[in-house]
Amino acid sequence: MKQVSLYTSDHCPYCRNAKALLERKGVKAIEYNVASDPQLLREMLARTGRRTVPQIYIGEHHVGGFDDLAALEHKGELDALLH
């Protein structure tokens, strides 16, 4: 299974939803909380060009946010991307 990483922040319902969806898939993601570390926020901005969380990576592939992740699941494409 590919490594999954998420940029998140405290009190973000979309972040919780993304983590819950990944957990249901058996994925143990690496979480980077941008709310507690300004350097991580700068890293996320440089990497994604986006200011919103979550920002999700599967391997080196930038999925986007929770809506993008959920759309992949809905289309049946998430499992193939994870493996």
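In which sense do strand β1 and β2 pair, and over how many bridges? Strand β1, residues 4-8, pairs with β2 in the parallel sense, and the pairing extends over 4 bridges. Two strands are taken to pair if DSSP finds at least two bridges between them; helices (H or I, at least four residues) and strands (E, at least two) are DSSP runs numbered from the N terminus. The model is predicted, and local features need pLDDT of at least 70, side-chain atom pairs count only at pLDDT 80 or more, while totals for chains, interfaces and linings use all residues. Residues are numbered from 1 along each chain as its sequence is written, and side-chain values use heavy atoms, with hydrogens and water left out.

The sheet to which these strands belong is open and has 4 strands, in the order β2-β1-β3-β4, with mixed pairing. The edge positions are held by β2 (30-33) and β4 (61-64); each has a single partner strand, so one side of each is left without a neighbour in the sheet. From one strand to the next the twist averages 20°.

Helix α2 (residues 38-48) lies across β1, β2, β3 and β4 and runs at about 115° to β1.

In α2, Leu 40, Met 44 and Thr 48 are buried. They cover an arc of only 45° around the axis, which puts them on the same side of α2; the arc is that of the directions from the helix axis to the C-beta atoms. The cover over the buried residues of α2 includes β1, β2, β3 and β4. The face turned away from this buried side carries the exposed residues Pro 38 and Ala 46. Here buried means under 20% relative accessible area and exposed over 50%, with partly exposed in between (1.4 Å probe, protein chains only).

Both ends of α2 have local features. Asp 37 is placed in the loop between β2 and α2 and is partly exposed, with a relative accessible area of 28%. At the start of α2, a side-chain oxygen of Asp 37 reaches to within 2.9 Å of the backbone nitrogen of Gln 39. Just after the helix, Gly 49 takes a positive phi of about 75°.

The interior can be described through its nonpolar cores, each a set of buried Ala, Val, Leu, Ile, Met, Phe, Trp, Tyr and Cys residues joined through side-chain atoms within 4.5 Å. The largest nonpolar core has 15 residues, of which Val 4, Ile 56, Ile 58, Val 63, Leu 69 and Leu 78 touch the most other members. Two or more residues of this core come from each of β1, α1, β3, α3 (66-74) and α4 (78-82). Apart from it lies another core, of 8 residues, among them Tyr 7, Cys 12, Val 34 and Val 53.

Helix α4 also contains Asp 79, which is partly exposed at a relative accessible area of 39%.

Key. Axes fitted to C-alpha atoms, helices over the stretch in contact; angles between N-to-C directions. Contact = heavy atoms within 4.5 Å. Polar contact = N/O pair within 3.5 Å; in protein donor to acceptor, adjacent residues only side chain to side chain.
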